[in-house]
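I opened the model to look up a few points on its sheets, cores and overall dimensions. My entries follow in the order I made them.

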Amino acid sequence: MRHFLCACLSALALTAAAQTTDPVIMTINGKPVTRGEFEYSYFKNSNVEGAIEQKSVAEYVDMFINYKLKVAAAEAAHMDTLSSFRREFLQYRDMQLTPYMVDQAFIDSVAYSIYDNTAKKLNGKDMIRVAHIMLMLKQNATDSEKNAAAQRADSIYNALRAGGDFASLAKTYSQDKQSAVRGGELPWMGPGMTFESFEKAAYALQVGEYCAPVETPMGYHIIKMVERKQLEPFDSLYANIVAGLKRQGIEDASAENRIQKLVQNSGGRLTREMVMDSILNAHLDNPELRYLVQEYHDGLLLYEINKQQVWDKAAQDEEGLSNWYKEHKDKYAWTEPRFKGFVIQAKDKKALKKAQKVLRKYGDSDWRKQIKLQCNKDSVTVYVTGELLCKQGENGYVDQFIFGGQQVSAKPGFTYTAVQGKKLKQPASYKDVKADVLTDYQESLEKAWVEQLRKRFPFQVDQAVLQTVGNHE
């Protein structure tokens, strides 16, 4: 039996097609593809610069068929039944469905609860916005350190009394760096939101007044009253409270709360997955959502089947890579020589010779481990960079020793430098041009695989419907 996800998606596509007049543009291995799904893919990729190189509809058809054939191969291999696939797909699907379950009543109740708690804490007192100049004290500050901080605070206070600008002094002297850049200004606060001594001094001030230095566990503060007001009615603050809640993810929380309530109130008849399935089915008339979910489903399968049939297969096929290189050797020829090897920097000649010996013996295997064990066990005496494969101009040390370039300054403390390796006119094997060989070999495997898929799975295109793509009401 097919996994419920694919059954669900198949049912989704079929039901949606039945509910609309969206005609079938092609059939891949017995599964219909609507014109809407094809258009969604074509126009979406057309808007990505370079994604399909502005191909025509006719040119894009072959690409789309190959894409769907690979998905069919993944389904035939039951990759859609893997727990890893199911977990990732459901996670993505649920992210797309969550907005449809946002519970505004839940959000409103949280907003009012915040307002009500604030009102209770204020207990009729004002909300206040103050600025401060703070001189910090360590928790274990000595008496002399406290006296010094107190004297500095008094000096700043006297400067204020002599006509100094509070904001300028805050920017210059306050050690609360976050508020200092704003002239010492702090966010709105109410009772119980700061230290008792700070709060008592602040609430005693009128707008524009400032106080003598006040001590708190943080240090000394000179406080200025910027603004104070009674708590405004809930309706006037509602938009700001909700905006803040949204920044903290209240919409996702409200949706999850609603989903869990549906599960709990079902008496065990529903699971979370069943609830999310029902949400998806309830929005079949939304083609963007439907195609987006289908696209991600297919995309996950496409990645896994490509990885298995092309990418990993090519990367692990040493013999195949070698044979491909030999058959297409001229394609990978260099126009200028390369140096293949290592750059060694050492503290002394003895360390340099030791490193060279290690690299001669282990250069093709675990040289890093051996350099650490034999050269840098107790302290770092050599630095080895490599294995390099570079042409002239790509490494200063290689240029100096191999290509006759200018001398390069040694690394401080490592006055002896050498290179070890050889100059190659052409690649010695496919490994010297592996990245290019691997890309081409993967392309060849993919091409052969697609040819097999086109023989294995039946497909057909309705040319009449194809002609209407992008040209219908």
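I began with strand 1 (residues 24-28), which pairs with strand 9 in the antiparallel sense over three bridges. Helices (H or I, at least four residues) and strands (E, at least two) are DSSP runs, numbered from the N terminus. I count two strands as paired if DSSP finds at least two bridges between them. Within strand 9, Phe459 is the residue that stands opposite Ile28.

This is a predicted model, so local features need pLDDT of at least 70 and side-chain atom pairs count only at pLDDT 80 or more, whereas totals for chains, interfaces and linings use all residues. Residues are numbered from 1 along each chain as its sequence is written, and side-chain values use heavy atoms, with hydrogens and water left out.

Which residues touch the most other members of the largest nonpolar core? I found Ile25, Met26, Phe38 and Leu466, in a core of 41 residues. Helix 3 (residues 57-76) gives the most to this core, with 10 residues. A nonpolar core is a set of buried Ala, Val, Leu, Ile, Met, Phe, Trp, Tyr and Cys residues joined through side-chain atoms within 4.5 Å. Buried means under 20% relative accessible area, exposed over 50%, and partly exposed in between (1.4 Å probe, protein chains only).

I then listed contacts of Met26 (heavy atoms within 4.5 Å). Leaving aside neighbours within four places in sequence, Met26 is in contact with residues including Lys31, Phe38, Phe64, Gln460 and Val461. I also logged a second, separate core of 16 residues, which includes Ala141, Ala149, Leu160 and Ala170.

Another open sheet has three strands in the order 3-5-4, with antiparallel pairing. Strand 3 (127-136) and strand 4 (214-216) stand at its edges; each has a single partner strand, so one side of each is left without a neighbour in the sheet. Neighbouring strands of this sheet are turned by 45° against each other on average, direction ignored. Strand 4 is joined to strand 5 (residues 219-229) by three bridges, and Val214 stands opposite His221 in strand 5. Helix 6 (residues 143-161) packs on the sheet, where it touches strand 3 and strand 5, and its direction makes about 40° with that of strand 5. Helix 9 (residues 196-203) also packs on the sheet, touching strand 3, strand 4 and strand 5, at about 45° to strand 5.

Is Tyr92 buried or exposed? I have Tyr92 as buried, because its relative accessible area is 18%. Tyr92 lies in helix 4 (residues 83-97) and touches Leu292 and Tyr296, not counting residues up to four places away in sequence. The C-alpha atoms of Tyr92 and His297 are separated by 9.1 Å, although these residues are 205 apart along the chain.

Last, I took the chain as a whole. The protein chain has 19 helices and nine strands, and 41% of its 473 residues count as buried. The C-alpha trace spans about 90 × 80 × 45 Å along its principal axes.

Technical notes. Axes fitted to C-alpha atoms, helices over the stretch in contact; angles between N-to-C directions.
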